[in-house]
Amino acid sequence: MEKHNKFSRRRFLQAGGATLAGSTCMPTVATANQTQQSVPALQRLLRSADVPAAKGARVIVVGGGWSGLTMAKYLKRFNPAFDVLLIDRQSAFVSFPVSNAWLADQVKLDFLSHSFFDAANNHDYHFMQASVLGFDHESRKVYTDRGYVDYDYLVLAPGIEYDYSRIGVEDSEAQNLLFHRYPGGFVTSSELLTIKHKIHEFRRGVFLLNVPNGDYRCAAAPYERACMVAAIFKQQRLRAKILLLDMNPEIKIKKAGFTRAFEKLYGDYIEYLPSSEISGIDVEKRIVETDFEEYNFDDAIIYPPVRASRLIEEAGIANPQSPQKTPDTDPFKYHLPDDERVYVTGDSRSQPFSKGGHTAHSEAQYVAEVIAAHALDKELQWRSPQTMCFSAVDIEPLKAMSIITYYRFNQQSHLFEFDRTHMIEKWDAQGGQASLAWAEGMYRDMFYS
Ligand SMILES: Cc1cc2nc3c(=O)[nH]c(=O)nc-3n(C[C@H](O)[C@H](O)[C@H](O)COP(=O)(O)OP(=O)(O)OC[C@H]3O[C@@H](n4cnc5c(N)ncnc54)[C@H](O)[C@@H]3O)c2cc1C
């Protein structure tokens with residue numbers, strides 16, 4: 001495995017060429033001609049970025065999602081002397097949790113969208129909008145498309161990307177087409193806007209959704225989304241069918257609750273097909289192939305299996321043996337094996353905790369404390385992240401069910417496993433209100449209080 005390699009000028013230019021050509025979650029290839037023309041511009045990126053001089057030990061947090069936002073806030077909380085810089089390539093935050101309820105018009109976009117400036121101003125850290133290209137652990141520099149920044153500690157929380165090769169779509173052009181026509185809605189906010197438009201414009205026919213296999217982001221969200229799409233079709237009395245292809249043998253979470261919703265509320269709309277391993281997609285002909293069948297569709301939301309953000313791989317810290325290209329890290333303290341100044345958290349982590357916003361939030365509070373303790377030459381005892389996930393199943397009023405769970409480390413198997421779990425699979429309006437109150441509390445914590 002390539003480990004902690006020096007992020008050379010040559011690699012930097014290569015990475016910069018790729019990222020500048022298009023900073024989406026899809027791979028984009030710059031032509032030789034483009035790269036040649038861009039070289040002077042790329043060389044300018046080797047200068048120091050225009051950020052305020054650090055007034056204490058600088059901690060750079062890469063990724064302003066649920067993990068990074070919480071991390072930035074709590075680093076300052078646990079050690080006010082830290083000079084914290086949060087970097088995200090996007091200009092604003094849009095929440096994925098509760099986005100399915102937004103698809104069904106149960107909340108406004110304002111509820112989900114928040115400003116990085118508010119978070120930074122209210123919690124006394126800096127924010128820079130930039131794409132991070134990599135880092136050099138020897139000189140402790142983070143390279144971005146706006147120049148480099150020196151760090152004392154670095155936290156990487158860049159989230160996930162899609163792995164289209166695991167549904168048989170290998171070619172990058174075909175991947176791009178699939179991503180743009182039938183986005184999964186689990187990585188960028190533009191995908192969500194496209195999906196909302198699709199659902200509300202749909203008039204009749206087959207609308208296909210799928211549930212990926214492996215450790216994908218938010219186990220319940222694809223089933224929740226099927227319910228929300230069905231609720232809209234039902235409200236509009238459409239002559240439409242939702243084909244839900246599950247690549248797993250059965251509903252992965254809240255099985256009794258979702259089964260009841262599919263049967264009682266959406267029996268006329270949702271056709272649920274478990275063990276439907278997708279093996280190929282013909283985007284032009286609108287056909288999904290599984291190992292045994294072919295399904296035609298009129299419109300679709302295709303959610304492929306996921307992997308850690310490509311940044312982890314481009315920075316040379318991904319374990320190529322791991323199915324999701326996650327880095328090897330200390331399972332309890334989250335730092336790279338031989339570098340206690342570089343940490344990986346959130347959905348890019350290698351630990352098998354549920355890929356959820358609440359998990360990322362509680363984990364980031366703990367890791368912020370770990371880093372603050374390290375700066376004081378102290379140790380902190382491991383504590384489990386908490387996973388909390390609400391799932392909406394009906395609208396007008398919004399009705400939801402929920403789960404809370406913790407993890408423990410099994411000393412015999414040396415693996416993490418679920419600890420105590422509290423599940424409410426009876427969905428009702430109280431659950432719907434609780435889901436909105438939960439989200440509001442989380443946004444308040446990450447942005448305002
Ligand atoms: C529809 C849906 C419903 C969900 N419902 C729930 C729920 O009810 N409860 C729950 O707990 N979770 C839920 N989740 C899951 C939750 O959204 C994720 O687990 C959470 O966002 C993970 O946080 P993160 O910080 O690791 O990643 P993200 O939130 O994805 O943040 C990563 C950030 O890194 C930035 N970034 C990436 N690469 C770079 C780079 N090279 N340079 C600069 N910036 C970069 C990205 O722009 C992004 O802002 C849901 C997700 C979806 C899609």
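In which sense do strand 12 and strand 13 pair, and over how many bridges? I started there, bearing in mind that this is a predicted model.

Entry on the strands. I found that strand 12 (residues 239-246) and strand 13 (residues 270-273) pair in the parallel sense, over 4 bridges. I looked up Leu244 and noted Tyr272 in strand 13 as its bridge partner.

Entry on the ligand shell. I went through the 35 residues around the ligand and noted that Asp88, Gln90, Asp347, Gly357 and His358 come nearest. By type, I have 15 nonpolar, 14 polar and 6 charged residues in the shell. I listed the elements that each supply at least two shell residues: helix 3 (66-78), helix 4 (99-103), helix 9 (221-235), helix 12 (357-375) and strand 21 (387-394). Strand 21 gives the most, with 3 residues.

I looked at backbone atoms facing the ligand. For Gly357, a backbone N or O atom lies 2.8 Å from a nitrogen atom of the ligand. For His358, a backbone N or O atom lies 2.8 Å from an oxygen atom of the ligand. For Trp66, a polar backbone atom is 3.1 Å from an oxygen atom of the ligand. I also noted the cover: of the 990 Å² of accessible area that the ligand has on its own, the protein covers 95%.

Entry on the domains. Why does the ligand lie between domain 1 and domain 2? I wrote down that it does so because domain 1 (9-159 + 309-375) and domain 2 (167-306) both give residues to the shell around it.

Note on methods. Residues numbered from 1 in each chain as written. Predicted model: local features only at pLDDT ≥ 70, side-chain atom pairs only at ≥ 80, totals over all residues. Heavy atoms only, no water. Near = heavy atom within 4 Å. Polar contact = N/O pair within 3.5 Å; in protein donor to acceptor, adjacent residues only side chain to side chain. Areas by Shrake-Rupley, 256 points an atom, 1.4 Å probe, with all protein chains shown as cover. Nonpolar A, V, L, I, M, F, W, Y, C, P; charged D, E, K, R; others polar. Domains from an automatic or database assignment. Pairing = 2+ DSSP bridges.
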